[in-house]
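Subject: Structure handover

Hello,

Please find the structure below. My notes on it come after.

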Amino acid sequence: MNEYGIKDRDLPKVSMKGTPRSVLTNGNIVEIWCSSPTGDASDVSILTLICATSSQADIIAETWLKVWGLA
């Protein structure tokens, strides 16, 4: 169980292909831009995360940047 009282099995599973290339925040929204898994330069996937607060969005974005070596 996480700090919000949600069991891991209750969390949605998001399947993602491609490599994160950019992480942006806009208020309480995090956008993770991923390159195409096929290598096609014209394709991107954008994962949009809506957070409870802008502070939470900043922490999530910082984590993605560090983990993927984008910082």
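The notes start with the whole chain, go on to the sheet and the helix, and end with single residues.

This is a predicted model, in which local features need pLDDT of at least 70 and side-chain atom pairs count only at pLDDT 80 or more, while totals for chains, interfaces and linings use all residues. Residues are numbered from 1 along each chain as its sequence is written, and side-chain values use heavy atoms, with hydrogens and water left out.

Overall

The protein chain has 1 helix and 3 strands. Helices (H or I, at least four residues) and strands (E, at least two) are DSSP runs, numbered from the N terminus. From the N terminus on, the order of the elements is β-β-β-α.

Of the 71 residues in the protein chain, 14% are buried. Buried means under 20% relative accessible area, exposed means over 50%, and partly exposed lies in between (1.4 Å probe, protein chains only). The accessible surface of the protein chain is about 5,400 Å², and 54% of that surface belongs to carbon and sulfur atoms. Accessible areas come from the Shrake-Rupley method with a 1.4 Å probe; for residues, only the protein chains shown count as cover.

Contact means heavy atoms within 4.5 Å. Among contacts in the protein chain between residues at least 6 apart in sequence, 31% join residues at least 24 apart.

The sheet

The strands form an open sheet of 3 strands in the order β1-β2-β3, with antiparallel pairing. Its edge strands are β1 and β3 (44-50), each of which pairs on one side only. Neighbouring strands of this sheet are turned by 20° against each other on average, direction ignored. Helix α1 (residues 54-67) packs on the sheet and touches β1, β2 and β3; the direction of α1 makes about 160° with that of β1. For such angles, axes are lines fitted to C-alpha atoms (for helices over the stretch in contact), and angles run from 0 to 180 degrees between N-to-C directions.

Strands of a sheet pair through backbone hydrogen bonds, either parallel or antiparallel. Two strands count as paired if DSSP finds at least two bridges between them. Strand β1 (residues 19-26) and strand β2 (residues 29-35) are joined in the antiparallel sense by 7 bridges. On the β2 side, Pro20 has Cys34 as its bridge partner, Ser22 has Trp33, and Thr25 has Val30. β2 and β3 also run antiparallel, joined by 7 bridges. Here Ile29 has Ile50 in β3 as its bridge partner.

The hairpin turn

β1 and β2 form a hairpin with 2 residues between them, and Gly27 in the turn has a positive phi of about 65°. Asn28 is in the loop between β1 and β2. Asn28 counts as partly exposed because its relative accessible area is 29%. Leaving out residues up to four places away in sequence, Asn28 touches Leu49, Ile50, Cys51, Thr53, Ser54 and Ala57. Asn28 and Ile50 are 22 residues apart in sequence, with 6.1 Å in space from C-alpha to C-alpha.

Cys34 is in strand β2. With a relative accessibility of 2%, Cys34 counts as buried. Beyond its neighbours within four places in sequence, Cys34 is in contact with Met16, Lys17, Gly18, Thr19, Pro20, Arg21, Asp43, Val44 and Ser45. Cys34 and Gly18 are 16 residues apart in sequence and 5.5 Å apart in space, C-alpha to C-alpha.

Ser36 is in the loop between β2 and β3. Ser36 is also buried, because its relative accessibility is 10%. Its contacts beyond four places in sequence are Gly18 and Asp43.

A surface patch

Leu24, Trp33, Val44 and Ile46 make a nonpolar surface patch of about 340 Å². Patches are made of residues with over 30% relative accessible area and no salt bridge; like charges are joined within 9 Å, and nonpolar side chains (Val, Leu, Ile, Met, Phe, Trp, Tyr) within 5 Å. A salt bridge is a side-chain nitrogen of Lys or Arg within 4 Å of a carboxyl oxygen of Asp or Glu. Val44 lies in strand β3 and counts as partly exposed because its relative accessibility is 49%.

Regards
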